[in-house]
Amino acid sequence: MAGTSWLKGRVKAVPSGDCMVISALTNNNAGPPPEKTITLSSLIAPRLARRGGVDEPFAWDSREYLRKLCIGKEVTFKVDYTVPSIGREFGSVFLGDKNVAMLVVSEGWAKVREQGQQKGEVSPFLAELSRLEEIAKQQGLGRWSRVSLYDAGLI
């Protein structure tokens, strides 16, 4: 499914700071529109805890940022690659002309994952994402915040 064309949809849910459920806008049958869960390519956001666990530091803030940015909004998206072993599709999502992954990284709410297990498991925007991550680190934004790192017991 990698290399698919760009699709339009509306963001229905944001389960984490790097993942969204998108309902397709084009629907030929009478049933509910098909949904796709897209994880933003080459990003790792802090994870919210499973039942009874403990959230990773900044997981809630990261998800809230993405949720407020995208929920209910129309987006254009494309699957960049699929990882069958975990059953997930990774892709690029645009809100208007803005790359959502770049917005998340530039605010410090996710870190960039360099290369997947297989060649090709990488965002087409990797170089720019890495550059934005460095700027967010230097500016102490989001998960890179000195106060937040202190509060989280990481420094």
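Predicted model: local features only at pLDDT ≥ 70, side-chain atom pairs only at ≥ 80, totals over all residues.
**Entry: overall architecture**

I recorded 4 helices and 8 strands in the protein. Followed along the sequence, the elements give the pattern β-β-β-β-α-β-β-β-α-β-α-α. I noted that 43% of the 155 residues count as buried. I then turned to the contacts between residues at least 6 apart in sequence, and 62% of them join residues at least 24 apart. For the accessible surface I noted about 8,700 Å², with 54% of it belonging to carbon and sulfur atoms.

I traced the pairing from β1 onward. β1 and β2 run antiparallel and are joined by 5 bridges. A hairpin connects the two strands through 2 residues. Strand β2, residues 19–24, is mostly covered, as 5 of its 6 residues are buried. On to the next pairing: β2 and strand β3, which spans residues 35–40, pair in the antiparallel sense over 5 bridges. Here I found M20 opposite I38 in β3.

How many of the residues of strand β5 are buried? I recorded 7 of the 10 residues in 74–83, so β5 is largely enclosed by the rest of the structure. β5 also runs antiparallel to β1, with 4 bridges joining them. In that pairing, R10 has E74 of β5 as its bridge partner. With β6, strand β5 pairs in the antiparallel sense over 7 bridges, and V83 stands opposite R88 of β6. The hairpin of β5 and β6 has 4 residues between the strands, and I noted that G87 takes a positive phi near 65 degrees there.

**Entry: aromatic pairs**

I looked up the ring pairs and the count came to 3 aromatic pairs. Why is the pair of W6 and F94 edge-to-face? Their ring centres are 5.6 Å apart and their planes stand at 70 degrees, above the 60 degrees required, so the pair falls in that class. The pair links distant parts of the chain, since W6 lies in the segment before β1 (7–16) and F94 in strand β6 (residues 88–95), 88 residues apart.

I then examined Y81 and F90, which form a stacked aromatic pair, 5.0 Å centre to centre and with 10 degrees between the planes. Y81 counts as buried at 3% relative accessibility, and F90 is buried as well, with a relative accessible area of 6%. I also recorded a cluster in which ring pairs link W6, F94 and F125.

**Entry: charges over rings**

Which residue has its charged end over the ring of W6? I found K78 there, with its charged end 5.9 Å from the ring centre. At F90, R113 lies over the face of the ring, at 6.0 Å from the ring centre. F90 therefore carries two entries in this notebook, as it is also the stacked partner of Y81.

**Entry: I44**

I located I44 in strand β4, residues 43–44. I44 is partly exposed, with a relative accessible area of 31%. Leaving aside residues up to four places away in sequence, I44 touches D18, A110, K111, R113 and R143. One of these, R113, is the residue I had already noted over the face of F90. I also looked up I44 against V105: the two are 61 residues apart in sequence and 9.6 Å apart in space, C-alpha to C-alpha.

**Entry: cysteines**

How many disulfides does the count come to? I recorded 0 disulfides. I checked the burial of two cysteines. C19 is buried, with a relative accessible area of 8%, and C70 counts as buried at 0% relative accessibility.

Key:
Residues numbered from 1 in each chain as written. Heavy atoms only, no water. Disulfide = S-S within 2.5 Å. Buried < 20%, exposed > 50% of the residue type's maximum accessible area, 1.4 Å probe, protein only. Contact = heavy atoms within 4.5 Å. Phe/Tyr/Trp six-rings, centres within 6.5 Å; stacked < 30°, edge-to-face > 60°. Lys NZ or Arg CZ within 6 Å of the ring centre and 35° of its normal. Pairing = 2+ DSSP bridges. Areas by Shrake-Rupley, 256 points an atom, 1.4 Å probe, with all protein chains shown as cover.
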